Every structure is written in structure tokens, then in C-alpha cells.
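Try each task before reading its solution.

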Amino acid sequence: MTEEDRAITVVDGDDAIADDDASEPVIDRGHYDVLGVGLGPFNLGLAALLDGAEPDPDLEAVFLEREPGFAWHEGMLIEGATLEVPFLADLVTMADPTNPYSFLNYVRERDRIYEFYFYETFQIPRREYDDYLRWVAETVPTTRFGREVTSVEYEAADAGDERGGADGTDDDGTADGGTFVVEAVAPETGQRYRYRADDLVMGVGSRPALPEFARDHADGDAPLFHTADYLERRADVLEADSITVVGSGQSAAEVVLDLLERQSANGFRLDWLTRSDGFFPMEYSKLGLQHFTPEYTEYFYDLPQSRKDELLPDQDLLYKGIDPETSERIYDTLYERSIGDRDPDFGMLATTAVRDIERLEGSYWLECEQHQQGHRFALETDAVIFGTGYQRPTPTFLEPIADRIAFDDRGRFRVSEDYRLEGDLGGADDDGGRVFVQNAEMHTHGVGTPDLGLGCYRNAVIIERLAGREVYPIDRDTVFQDFDVDQFADHAPVRTDAPRSLAPDTE
């Protein structure tokens, strides 16, 4: 029975819950084994792996998303931009190459298998990856769009729980960690829904982060915005006499490249600023990529939190830099524009932070500081595009259970190795009451957290917990590099009891 069919049954029956404070009754959607909040690539991958598993893990699932349809970085689907990871890092292949929701099956279903065969590259267009995700979202039967989760409450298991016995366990004797009651609303109609679920998986994504001093200026049609809105706002800034891009990550670089390719036709000046020490490439060597593996994730997790916090700032270029191809295309474009001693009307300056903005009549003054020299200056520009990353606030729908969630001394989630929120919730082996997270655990699991190539591994771990058995292989031995000394010692002539200094005595 589809959700729409259930709606008719429930509304016409006794399960339509009246609420004196609401214009519409709350429609009860029933009970699920697992409920996913948010539908980005990671939770969509979980939905696909659950639906495509053989044998069936026998888990009733539903995934709720507030947007009316699937959307993935729409503002950055620039023509010519490619995915930074191989197409094998789709939603399912790294866990199950035979899954019907693989990218290869998508091109087969789209009747593009030969076109892709002759394309002969691992990095696919970002627009095609988006189309692939939309295809999966429309095909998987457990996705529900236009459902914004507004609150999550927790009901601990007790003797009266219909799911448990008198001792608080299920019929099979396993522990019962409780049940979640999830309230959601359809933003377009105001219709409210109620779901019950044994376990939750949060994949709510992140939000574009503008510097605080810029937020008051980013209103309406003002030519100041985040790269996340680039395609929607591009036509407006192309009419400006001068444009400044702030930031040196991949998104900022792609915007700079796109603007450079349009500069000759539109005649604007383009400047590029970053507070980083340079416009550096992202680490993409085969040996460097071994940090994006289950082995490194396990190694990083076992480190003390203080050591993790020291390491992460030094690993930015493993995931925050510019991919080499984009970097080369920017340089080559500038080189061609400068032939014959021509001025490409382009400036780029590193180690420079934008400290504040002043709005003028038709332009902005950017108050900047080159921090190595200690020089302060102001740059006039007509339009500003910030590629200043994303932030991940704690979802407000968790407020009813916030006192059950454990946070560290920096206010971050405490996350177990199996991607479960710690606190007064269901435990690892409990049958319910658990909250798993997707892409909210970089501080505990390391730089591979947002990597699409590790999404299948994380989902395989989560599914194992949900099903109580291994459904997909949990990869362990995947790379040539060792990160842990004890693992290295398993196959190398190492003395782990060696003294601190083995330097020979000298006279």
C-alpha cells in the first residue's frame, strides 16, 4: 500500500488525530523499522541499498525530505563541471555492484550505455550525477518528498510497549531501545503527519555559510551571494562591471573558471581572494587517497579527540582544495588571454581575509587584510560571490530529545564507531531507540566523512546494525598503507617494545 493509499485509509478511519490548535488533523502514517530524515546522496544510498538487498533484510523503511523533489547542489551544476570522484562512487556499487540502483544500470535504463562506453572517463559530468540521483529518488519506493520533519520525541520501552514483552524485550528476546515519534508537515499545504519508528537515520545535509558581516547585505536581488546560488544568480552578476570571488575551494574555483570563460563577452573585471596561503590543488594522488578508506576511518576514530582536533585543520587539502583539472584550465585560460602582452583584467590574491563590507551606491567596498604583511586595504567591486563553505547546525527537530543526546565540550555530537549518537538512547545491540548520522561525524571519523566513495561503507555498517546481521560486506583490508603501528608490525620486522632512542653510542 502506498503512502497516498494509507492517507485515505487513515483520514477516513479512526487514526486521524484531532488537534484543537491545528486546522488540519494529524495523519498517522504508522510504524516503521527505520525512518530517514533528509534525502541527500547518503540517505538516498541507504534507501537504495535497503530496497535492493538480496536477501531482503526485512526492514520497513521510509525517508522524508522537506523539498518537493530531489535536488543536489543545483546552483553548482555548471556546464563542464565533473564529479571529483569516479562514477564507481555511486549510491550502491562499492557495497554491491549488482544492485539495480547502480550508475551503470542507470545509463543502461537511460539507453546511454554505449555513449558512456565511448566516453572513456571515470569522472562523469556533475549534471549527469544529479540526473542519476534523481532517477534513483524517483525509482526507490520508500522516498517521500514534501515532508519536513518538525519534531522527534522518544518513548522508552516499558512493560506496556506493544512491541515488547513484560521484561522490555521483543518476542525474540532482544533488547528494545524504545520508539521515536516523528512529526512532519507538508510545507505547501500545512498538512501534518505522524510516524513512529524504531530507529532514525539523519542525513539532513548542511547550509551555505556566509560570513556574519555579509549576511545583512545578501538580501533580495543584491549582487552578493554564496556559490550555492550561482547558477540562479549568474545572469545578474554578468551585467556587473566588476566581480569578486572569495574563497579557494573547488566551488569558488569552478565559479572563477566559468566567469573567466564569459569575461570576454561581458567585459567585467574579475578578482579572486582567499585567506588561505595559496590557491592549492586538492590531494588526488593514488597514495594520498588512501586516507579515504575504512582503514583510515577506523584508525582516526581510535585516536584521542584532542589529537583528532589537532590533525583535521592540517588535512584541508585532502578534501577542500581545487581539483588539478580545474586549476589547469584557469591557468591556461589566463595564459591565452595574456598573449601579446594583453591584460586579462584579472587579479588573484592569497593570504587575504575579507573583514567587512560597506555598501555603496551600486557597489561594495570590501575591507581586506593581507595577514602575512599586515596590510589593510579596501577593494571596490560591483558583485561578490562567497565560496566560504557550509555549516551544519544541530537540527531544531531534535530539541525534544536534546537532553538524551551526548555532546562533547565543543557542543558536537558524540558519535560511536558505528555512526550512532551516544547518550541516553538505544545502544549498539538494542532493537530500536537509536539515531544514526550521515556526514555529521568528521570530528570523530575523519576527512572521509563527506566523501561519496565512503558512503556505501558507512551505510553497510548502519544496515548491519539495523538488521542485526551483515547484509553487505564490511570492508576492512582495502589499501596497501598501514596507519596503525600494530597492523604494520603484523607483516614487518618491527619491535614494538623498542626503546625511544636507538641511536648508537658515540665517543
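The model is predicted: local features need pLDDT of at least 70, and side-chain atom pairs count only at pLDDT 80 or more. Residues are numbered from 1 along each chain, and side-chain values use heavy atoms, without hydrogens and water.

**Exercise 1.** Classify the ring pair of Phe 87 and Phe 122.

*Solution.* Start with the rule. Rings of Phe, Tyr and Trp (its six-membered ring) pair if their centres lie within 6.5 Å; planes under 30 degrees apart are stacked, over 60 edge-to-face, the rest tilted. The rule gives 21 aromatic pairs. For Phe 87 and Phe 122, the centres are 5.5 Å apart and the planes stand at 55 degrees, so the pair is tilted. Next, place the residues. Phe 87 is in the loop between strand S3 and helix H3, Phe 122 in the loop between helix H4 and helix H5, 35 residues apart. Helices (H or I, at least four residues) and strands (E, at least two) are DSSP runs, numbered from the N terminus.

**Exercise 2.** Over which ring does the charged end of Arg 458 sit, 4.4 Å from its centre?

*Solution.* The test needs NZ of Lys or CZ of Arg within 6 Å of the ring centre and within 35 degrees of the ring normal. The ring is that of Phe 42.
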